[in-house]
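Here is a short briefing on one protein model. Look at the sequence and the structure first, then read the points below.

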Amino acid sequence: MKEKNIFAQEIIFVKMFVNMMVYQKYVMENVPYRKNLENIIQENLSDWLNSAKEQDRERAEKEVREKRNELLSKSDKEMCIDRLGLEKPSGNTFKEWLPFLTKIADKMSSPEAEYRQQLRDITKQDGFPYDVVYPKLEE
């Protein structure tokens, strides 16, 4: 019989409850096939489970960060200083610069700025990375 070369091993853990079965499924990447792999896993089940959970968490974190970065990228144009319609003041006194600075301050406290900060703080949510609520940009 020819040996298979398996590069991913699925580990399924089942918890039994009264009249109910709940399971969690973890897939481990880059686990080369070897003889007695199932026995090796069973003998070191706690280590394998911890490794599988870590890989699963890292994958979920990466997915959330990628989506967050995409949303930040889409909203970059709203925060560019050249899009604010500002003209550089001609003088160098505070009074001449005040309207310019006020417009910048207004933009930094705008719904767009708040939305972007909420996106940056997404990794601080209690449910991160499995239960994440993405902010919505107020129109």
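Predicted model: local features only at pLDDT ≥ 70, side-chain atom pairs only at ≥ 80, totals over all residues.

Residues are numbered from 1 along each chain as its sequence is written, and side-chain values use heavy atoms, with hydrogens and water left out.

**Salt bridges**

- Side chains of opposite charge can pair when their charged atoms come close.
- A salt bridge here is a side-chain nitrogen of Lys or Arg within 4 Å of a carboxyl oxygen of Asp or Glu.
- The structure holds nine salt bridges.

**Asp56 and Arg59**

- Asp56 and Arg59 form a salt bridge, at 2.9 Å from N to O.
- Both residues lie in helix α2 (residues 45–79), three residues apart, or about one turn of the helix.
- Helices are DSSP runs of H or I with at least four residues, numbered from the N terminus.
- Asp56 is buried, with 19% relative accessibility.
- Arg59 is partly exposed, at 40% relative accessible area.
- Buried means under 20% relative accessible area, exposed means over 50%, and partly exposed lies in between (1.4 Å probe, protein chains only).

**Arg116 and Asp76**

- A salt bridge joins the side chains of Arg116 and Asp76, at 3.0 Å from N to O.
- This pair links distant parts of the chain, 40 residues apart: Arg116 is in helix α4 (residues 111–120) and Asp76 is in helix α2.
- Arg116 is buried, at 13% relative accessible area.
- Asp76 is partly exposed, at 35% relative accessibility.

- Glu112 and Lys107 form a salt bridge, with their closest N and O atoms 3.7 Å apart.
- Lys107 is buried, with a relative accessible area of 17%.
- Elsewhere, salt bridges with shared partners join Asp56, Arg59 and Glu63 into one network.

- Phe94, Leu98 and Leu101 make a nonpolar surface patch of about 290 Å².
- Patch residues have over 30% relative accessible area and no salt bridge; like charges are joined within 9 Å, and nonpolar side chains (Val, Leu, Ile, Met, Phe, Trp, Tyr) within 5 Å.
- Accessible areas come from the Shrake-Rupley method with a 1.4 Å probe, and for residues only the protein chains shown count as cover.
- Leu98 sits in helix α3 (residues 94–108).
- Leu98 is partly exposed, at 38% relative accessible area.
- Helix α3 has a kink of about 30°, centred on Phe100.
- The bend at a residue is the angle between axes fitted to the seven residues ending there and the seven starting there.

How values were computed:
Helix = DSSP H or I, 4+ residues; strand = E, 2+ residues; numbered from the N terminus.
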